[in-house]
Amino acid sequence: MKKVLIVDDEPSIVTLLTFNLEKEGYQVTSTTDGLEGYELALTQPFDFLILDVMLPNMDGIDITKKLRQEKIETPILVLTAKDDPIDRILGLEIGADDYLTKPFSPREVLARMKAIFRRMEPRSQSVKEETEEQLVVGQIVADVTNYQVTVNGNPIVLTPKEFELLVYFMKRKGRVIDRDTLLDRIWHFDFDGQSRIVDVHVSHLREKIEHDPKHPQYLQTIRGFGYKFQEPKE
């Protein structure tokens with residue numbers, strides 16, 4: 001039985017979601033306070049988090065950001081009353097897995113959750129299929145099994161999305177990959193041409209793998225097309 005935490009300050013939404021999730025076999029814990037929700041998510045083993053953006057004491061964006069900083073990788077669905085692309089992109093940039101704009105139907109929440117769980121399954125299956133797989137490009141080594149990366153022999157810390165992005169690039173070394181493809185394959189969303197989330201993650205990745213991020217040797221920008229990951233030039 002998967003455990004779900006709901007953090008929303010509207011009792012009617014909590015009641016509606018709790019009823020429908022329990023009906024589907026989930027075990028639900030809920031709170032209307034942001035700070036309490038953060039502490040629950042930090043200390044208890046949940047399988048899924050549903051967070052409202054507007055919360056008392058700590059909002060959903062801050063909760064997501066702090067959980068990811070603490071290396072809590074539990075899937076997060078952010079609920080927002082704002083139908084603003086910037087708010088949606090911000091939530092995804094800091095580590096949320098999906099967003100949903102109010103009002104919504106419980107069926108849609110369940111569908112989004114199942115989609116996220118399905119996306120997680122291939123990753124766990126690939127660990128079994130790719131035992132001890134290592135990707136090597138230049139001085140960058142990515143251990144796909146253990147989710148570890150070293151650059152020039154030194155370990156670096158990547159967020160889950162940064163790691164997924166790096167592995168995607170390394171497996172397609174030498175290819176030019178456009179931003180829309182990255183949005184679809186890494187984030188599984190269509191942002192109607194908005195590429196900011198890709199550019200932000202590429203910038204963060206460069207800061208961690210490049211000796212000089214302003215003059216990258218590995219992760220090249222191909223103007224007008226996208227990005228290409230390559231062996232560094234001598």
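Predicted model: local features only at pLDDT ≥ 70, side-chain atom pairs only at ≥ 80, totals over all residues.

**How the terms fit the structure**

Modeller: Gladly; at the start of α7, the backbone nitrogen of D180 has a side-chain oxygen of D178 within 3.1 Å. Residues are numbered from 1 along each chain as its sequence is written, and side-chain values use heavy atoms, with hydrogens and water left out.

Biologist: What joins the side chains of K173 and E231?

Modeller: A polar contact of 3.4 Å. The term asks for a pair of N or O atoms within 3.5 Å; within protein, one must be able to donate a hydrogen and the other to accept it, and residues adjacent in sequence count only if both atoms are side-chain atoms. K173 itself sits in the loop between α6 (160-170) and β10 (176-178).

Biologist: Why is K173 called partly exposed?

Modeller: Its relative accessible area is 42%. Buried means under 20%, exposed means over 50%, and partly exposed is in between (1.4 Å probe, protein chains only), so the label follows.

Biologist: Which residues does K173 touch, beyond those up to four places away in sequence?

Modeller: V137, F229, Q230 and E231; contact means heavy atoms within 4.5 Å. The C-alpha atoms of K173 and F229 are 5.1 Å apart, although 56 residues separate the two along the chain.

Biologist: What puts the buried residues of α7 on the same side?

Modeller: These are L182, L183, I186 and W187. They cover an arc of only 100° around the axis, so they share one side of α7. The arc is taken from the directions that lead from the helix axis to the C-beta atoms. They pack against α6, β10, α8 (196-209) and β12 (226-229).

Biologist: And what makes β2 and β5 edge strands?

Modeller: The open sheet has five strands in the order β2-β1-β3-β4-β5, with parallel pairing. β2 (27-31) and β5 (98-101) each have a single partner strand, so one side of each lacks a neighbour in the sheet.

Biologist: How do you know that β1 and β3 pair?

Modeller: Four bridges join β1 (residues 3-7) to β3 (residues 48-52). Strands pair if DSSP finds at least two bridges between them, so these two qualify. Within this pair, V4 stands opposite F48 in β3.

Terms used
Helix = DSSP H or I, 4+ residues; strand = E, 2+ residues; numbered from the N terminus.
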